[in-house]
Amino acid sequence: MPRPMRSPAIRARRLAQVGFLVLTVAVGVQFSFWALARTGGRTPVVGRPAGVEGFLPISALMSLRLWLAGQGIHPVHQAGLAILVAVLTMSTLVAKSFCSHLCPIGTVSEALGRLGARLLGRCWLPPRWLDVPLRGLKYALLSFFAWATWVALDVGGVRAFLDSPYNRVADTKMLLFFAHPSRLTMAVLGVLVVGSILVRDLWCRYLCPYGALLGLLGRAAPLKVTRDPATCTDCQRCTKVCPARLSVHAMVRVGSVECTSCQDCVAACPVKACLVVRSPRVGTRHLWVRPALVVGLAVGIYLGVTTFFRLGGHWRGSVSEQEYAQRLREIDSPPYTHVGGMAAAETERSEASLARSHVAR
Ligand code: SF4
Ligand code: SF4
Ligand code: SF4
């Protein structure tokens, strides 16, 4: 796949991707120091970064459900909800833009795809008869998570899960899962890494339920890539660079669930203003957004929404360091090894034992 021309927009997008990846790694390292000290019964030298809750999408989805049901913002993982709302908002206004601008997994996946193209000369593209059903997998996974978070539990069940001991330490459970991977986990990760070198965007295109949700929301986005057939020369450069393998040269408005608003096609188009990101017609005019401004808008929405939550006091969760110290010392005990309907009962029991241990100290 040819590389798109260098343009300020593509450079700005790469900068946003790298910046967010570095930030994510920094948050991960700080959280690891904190969690390993706490689970070892020591006092951490660094604080727990709330941003780690961006990796708790199920908990965030449940918080969102509770919030939309008028039950307020659940106090435990507030940053997780803030990040989810920011991602959903940016991807609903600028179609699926989280995937191409900020998602660290998308950035790594893109880099692995480029590495594969450099090593092997090309990426393998599954034939259409295989590509279409494989793309359905991510919707099957999304349906399962939607059912588990929005259908299988009523609002009381959702609250019980969010209050449960498991959810209160879900970030540390996740870290320990990857810090001590089983053979199966290692095998799956290995297949995904090698597969992403051979097949561009293997995880994102076929398996990621989060991306599936963002793609569906992106269908409603007012800002989408739009082609002007009157000036188009049919050179097809846009189609050749599209990482989502869309026939951009044959579309007027790119409304596909796979389009991530990366603007590689816009940067590759040699005809001025033929391919742009713009709104539908409002009266006699379109809202036309400069390519670099699209990047600024997408990232700005993310920063704006998360800042709004921070300023509103909804970033740091309600679990105190003292509570973490107690819970993480017993993280391998039964209340922390399962999730689901029994969460409320477990919560009561664990809260009682926690209170007793605090009194005893
Ligand atoms: S598809 Fe999923 S992993 Fe890929 S960039 Fe989008 S949200 Fe990230
Ligand atoms: S259509 Fe354009 S903006 Fe959308 S994914 Fe393809 S190259 Fe990126
Ligand atoms: S790159 Fe531009 S001119 Fe060429 S086919 Fe695409 S939209 Fe038309």
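## Overall build

The chain has 17 helices and three strands. Keep in mind that this is a predicted model.

How does the chain's radius of gyration sit with that of a compact globule? With 361 residues, such a globule would come out near 21 Å, and the chain has 22 Å, so the two agree. Laid along the principal axes, the C-alpha atoms fill a box of roughly 80 × 50 × 40 Å. Of the 361 residues, 40% count as buried. Take the contacts with a separation of 6 or more: 75% of them come from residues 24 or more positions apart.

## A look at helix α2

Helix α2 covers residues 57–68.

Which residues of α2 are buried? They are S59, A60, L61, M62, S63 and L64. As for their packing partners, these buried residues sit against α3 (78–93), α6 (128–151), α7 (155–163), α8 (165–168) and α9 (170–179). Just after α2 comes G70, which takes a positive phi of about 80°.

The three strands make an open sheet, ordered β1-β2-β3, with antiparallel pairing. The edges belong to β1 (224–227) and β3 (288–289); each has a single partner strand, so one side of each is left without a neighbour in the sheet.

How many bridges join β2 and β3? Strand β2, residues 275–278, pairs with β3 in the antiparallel sense over two bridges. Across that pairing, V277 stands opposite V289 in β3. In general, strands of a sheet pair through backbone hydrogen bonds, either parallel or antiparallel.

Start with ligand 2, which has 14 residues around it. The closest of these are C242, A244, C259, C262 and C265. Sorted by class, the shell around ligand 2 holds ten nonpolar residues, three polar and one charged.

Ligand 3 has 15 residues around it. Which of them come nearest? That would be C232, C235, C238, H249 and C269. The shell around ligand 3 splits into nine nonpolar, three polar and three charged residues.

Terms used
Residues are numbered from 1 along each chain as its sequence is written. Chains are lettered from A and ligands numbered from 1 in the order in which they are written. This is a predicted model: local features need pLDDT of at least 70, side-chain atom pairs count only at pLDDT 80 or more; totals for chains, interfaces and linings use all residues. Helices (H or I, at least four residues) and strands (E, at least two) are DSSP runs, numbered from the N terminus. The expected span of a helix is 1.5 Å times one less than its number of residues. A residue is buried if 20 or more other C-beta atoms lie within 10 Å of its own, exposed if 12 or fewer, and partly exposed in between; C-beta atoms are placed from the backbone. Two residues are in contact if their C-beta atoms, placed from the backbone, lie within 7 Å. Two strands pair if DSSP finds at least two bridges between them. A residue is near a molecule or strand if its C-beta atom, placed from the backbone, lies within 6 Å of it. Ala, Val, Leu, Ile, Met, Phe, Trp, Tyr, Cys and Pro count as nonpolar, Asp, Glu, Lys and Arg as charged, and the others, Gly among them, as polar. The radius of gyration is taken over C-alpha atoms; the globule rule is 2.2 Å times the number of residues to the power 0.38.
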